[in-house]
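Here's a quick briefing to read alongside the coordinates. Have the viewer open and follow along.

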Number of protein chains: 2
Amino acid sequence: MTTLSNAHGRLPRRATMSDVARLAGVSIKTVSRVVNAEPGVHAETAERVLAAIERLGFRRNIGALNLRRGSSTGTIGLVLEDVANPFYSGITRAAEEVARRHGRQVLTGSSDEDPDRERELSLEFCARRVDGLIVIPAGTRHGYLVPEIASGTPVVFVDRPPGDVIADTVLVDNVTGAAAAVTHLAAHGHSRIAFLGDAPTIFTATERLAGFREGCARAGIPFDQRMVAMGPHTAETVAAALDRTDATAVITGNNRITVQTLRVLAGSARKPALVGFDDFELADLLDPPVSVVSLDPAELGKAAAELLFARLDGDREPPRRIVLPVRLTPRGSGEVRP
Amino acid sequence: MTTLSNAHGRLPRRATMSDVARLAGVSIKTVSRVVNAEPGVHAETAERVLAAIERLGFRRNIGALNLRRGSSTGTIGLVLEDVANPFYSGITRAAEEVARRHGRQVLTGSSDEDPDRERELSLEFCARRVDGLIVIPAGTRHGYLVPEIASGTPVVFVDRPPGDVIADTVLVDNVTGAAAAVTHLAAHGHSRIAFLGDAPTIFTATERLAGFREGCARAGIPFDQRMVAMGPHTAETVAAALDRTDATAVITGNNRITVQTLRVLAGSARKPALVGFDDFELADLLDPPVSVVSLDPAELGKAAAELLFARLDGDREPPRRIVLPVRLTPRGSGEVRP
DNA sequence: TGCGCATTGGACAACGTTGTCATGGTGCCA
DNA sequence: TGGCACCATGACAACGTTGTCCAATGCGCA
């Protein structure tokens with residue numbers, strides 16, 4: 001049992017090849033050869049070097065290696081809104097997985113929907129010379145990335161498209177999904193359907209609203225602005241929106257809003273039909289089980305990362321826009337009769 | 001609208017200070033001065049340099065900077081089990097937050113409970129010269145980190161203690177928590193209580209089992225090995241365990257098992273009382289609402305990161321072991337009568 | 001005119017590593 | 001014994017940056 005601490009004080013300096021070389025009585029280059037398992041080192045010498053490495057706890061400095069080799073840093077950057085949100089952590093995990101297969105590690109950062117923070121994170125990642133960048137945009141202006149991409153750092157945008165530039169983007173089919181939700185509810189007899197969406201500054205929010213309108217039109221339901229409440233949402237705004245309408249059904253614009261709404265409804269006598277955008281754990285165990293329009297976030301993350309690595313592998317086609325289909329999963333909450 | 005791509009082919013090289021200097025007609029050092037806002041550069045010269053920087057899309061290479069300065073790389077590493085699990089992504093977010101306050105960025109990696117992967121990730125982070133490491137151990141042997149810590153990379157273990165070394169650790173009070181769950185159930189008249197825990201190789205699993213035994217003893221319930229099923233768990237193993245016992249109440253050992261159990265129970269006529277370890281979103285909206293023993297993962301992440309940064313700020317005290325209290329949150333599922 | 005001084009710019013080394021090339025020693029064969 | 005190939009090892013430069021130091025220029029002032 002070893003005690004891991006520096007209670008003795010004085011911050012030590014990490015051993016370098018130079019230290020190892022001195023201890024082993026060889027040149028730096030020989031140490032390098034041993035570390036890289038290059039041939040041409042006498043077995044006995046290698047032995048001595050390895051002993052010195054062990055003794056000093058030497059570990060090769062990857063930063064210096066990257067500088068010297070001028071090659072990949074073996075990292076990619078991932079800028080998202082909030083890792084603690086299961087939607088984004090699902091994306092993170094999938095991206096991490098793909099990165100691992102390609103021998104890369106992942107730098108993550110949460111922007112909290114703050115465009116400045118998104119920019120700051122992205123640019124700092126670039127300054128660290130990540131091999132590529134996956135960005136879930138918080139802002140609507142991404143010109144700041146032009147020089148980065150021009151300099152060879154591929155960028156893939158996920159879930160929302162970039163503003164004022166054209167670049168690789170992976171989206172989900174928000175419009176079709178929201179329209180499908182309306183169609184589903186209409187098929188169950190609903191005609192007074194409320195839509196609780198996120199802030200209109202957020203791409204997915206307006207897309208889903210557009211899908212809602214489209215669905216209403218197709219179902220012959222006149223669009224009524226009073227049935228729409230865009231976020232950001234708190235329990236109060238959700239409650240107020242529901243009180244304001246006589247809706248028999250509600251479509252919620254993302255997983256956070258769905259949860260807010262479920263909480264509000266739990267404390268209310270009203271039981272409108274409900275279809276949420278984004279799936280969430282236990283949705284099937286609620287009473288009634290919550291119907292959702294969803295896509296596995298892992299698919300988004302995977303698609304984005306694979307697109308990124310295709311670029312890193314030399315894909316020079318014009319920017320792609322991938323739109324992943326969503327799936328309506330009826331579970332009960334959308335079938336409640338008016 | 002700019003198209004961000006390299007459709008023209010040929011991977012470009014990033015501009016360096018040397019390129020900027022050539023374009024601006026000055027020496028490299030002058031560029032450095034401008035970039036670092038050092039005094040002693042004629043305004044007009046600085047202007048030229050800035051123009052060149054802009055034109056070339058130059059961004060200072062942080063790797064080279066760190067090498068030269070020999071200082072901090074401005075990163076910390078976080079090795080966890082699975083970012084997609086809300087418990088760990090909560091820790092991640094909190095650690096990220098603290099890191100941000102200290103001007104650091106976070107490298108994350110999921111070990112998937114694989115000790116080799118944990119080791120690989122940790123050592124690679126060290127090779128990248130992270131300023132510190134936060135590890136949620138998958139394995140039980142951590143001697144491999146001794147040289148790293150001796151070389152000045154502080155390491156903090158979270159949620160589970162390290163094996164065969166003594167180091168900074170942040171845990172939760174698993175024993176007390178599990179015992180409290182038993183006490184709670186006993187107070188509601190239960191004496192046949194099952195415990196579904198994770199694999200006994202996992203520290204928290206055995207601790208919680210110990211707490212379970214302690215709680216039984218205190219409540220005067222004879223401990224019965226047949227009431228215990230340790231994981232890993234699937235829907236089948238959970239169902240089998242429940243079928244095998246005549247338990248009127250169940251304690252589940254972590255958030256995954258709780259969810260598995262809820263699913264199994266949803267398809268069953270039995271409605272045992274239930275107390276889960278770890279809170280989870282919507283636990284309060286299930287029917288009945290699920291009682292839990294829990295701690296906000298953010299508190300764990302925050303405590304760990306703060307301990308790490310205390311070390312980085314020069315704290316040389318002997319290794320600390322912080323045990324955070326857990327809280328029993330009765331919500332209904334634990335009150336079901338036998 | 002000569003001197004000191006402030007201002008501005010540049011040469012050079014170094015961070016830790018590896019690629020290129022050179023060197024010294026050994027063994028083999030004619 | 002001379003020539004040669006080969007093995008093991010090392011010297012040096014370079015990656016991109018900054019810290020240290022020195023040089024050149026221009027100014028004020030005696």
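What is the strand order of the open sheet of 6 strands in chain B? The order is β9-β8-β10-β11-β12-β14, and the pairing is mixed. This is a predicted model, in which local features need pLDDT of at least 70, side-chain atom pairs count only at pLDDT 80 or more, and totals for chains, interfaces and linings use all residues. On bookkeeping: residues are numbered from 1 along each chain as its sequence is written, chains are lettered from A and ligands numbered from 1 in the order in which they are written, and side-chain values use heavy atoms, with hydrogens and water left out.

**The six-stranded sheet of chain B**

- At the edges of this sheet stand β9 (228-230) and β14 (327-329) of chain B, each with a single partner strand, so one side of each has no neighbour in the sheet.
- From one strand to the next, the twist averages 15°.
- Strands here are DSSP runs of E, at least two residues long, and helices are runs of H or I of at least four, both numbered from the N terminus; two strands pair if DSSP finds at least two bridges between them.
- β11(B) and β12(B) run parallel as a pair, over 3 bridges, and Val275(B) sits opposite Ser291(B) in β12(B).
- Helix α11 (residues 255-266) of chain B lies across β8 (193-197), β10 (249-252) and β11 of that chain, at about 155° to β11(B). Contact means heavy atoms within 4.5 Å, while angles run from 0 to 180 degrees between N-to-C directions, with axes fitted to C-alpha atoms (for helices, over the stretch in contact).

**The sheet with strands from both chains**

- Another open sheet has 12 strands, in the order β13(A)-β7(A)-β5(A)-β4(A)-β2(A)-β3(A)-β3(B)-β2(B)-β4(B)-β5(B)-β7(B)-β13(B), again with mixed pairing.
- Its edges are β13 (321-324) of chain A and β13 (321-324) of chain B; each has a single partner strand, so one side of each is left without a neighbour in the sheet.
- The twist averages 20° from one strand to the next.
- In chain A, β4 (residues 132-135) and β5 (residues 155-158) pair in the parallel sense over 3 bridges, with Ile134(A) opposite Val156(A) in β5(A).

**How the two copies relate**

- Chain A superposes on chain B by a rotation of 180° with 0.0 Å of shift along its axis, at RMSD 0.1 Å. The two copies are thus related as by a two-fold rotation axis.
- Leu107(A) has the C-alpha nearest the axis in chain A, 2.3 Å from it.
- The superposition is by least squares on C-alpha atoms of residues with pLDDT of at least 70 in both copies.
- Of the interface residues of chain A, 100% are also interface residues in chain B, so the copies meet through the same surface.

**DNA strand D**

- A residue is near a strand if one of its heavy atoms lies within 4 Å of it.
- Polar contacts are pairs of N or O atoms within 3.5 Å; within protein, one must be able to donate a hydrogen and the other to accept it, and residues adjacent in sequence count only if both atoms are side-chain atoms.
- Thr45(A) has a side-chain N or O atom 2.5 Å from a phosphate oxygen of DNA strand D, whereas Met17(B) uses a backbone N or O atom, 2.7 Å from a phosphate oxygen.
- A base is reached as well: a side-chain N or O atom of Lys29(B) is 2.8 Å from a base nitrogen of DNA strand D.
- α4(B) gives the most to the surface near DNA strand D, with 4 residues.

**DNA strand C**

- Met17(A), Lys29(A), Arg68(A), Ser27(B) and Thr45(B) come nearest among the 26 residues around DNA strand C. Sugar and phosphate make up 62% of its atoms that come within 4 Å of the protein.
- Phosphate oxygens of DNA strand C lie 2.7 Å from a polar backbone atom of Met17(A) and 2.9 Å from a polar side-chain atom of Arg60(A).
- α4(A) provides the largest share of the surface near DNA strand C, 4 residues.

- Most residues other than glycine have a negative phi, and most peptide bonds are trans.
- A cis peptide bond joins Asp287(A) and Pro288(A), with omega about -5°; Pro288(A) lies in the loop between β11 (273-277) and β12 (291-294) of chain A.
- Arg129(A), in the loop between α6 (115-127) and β4 of chain A, has a positive phi near 60°.
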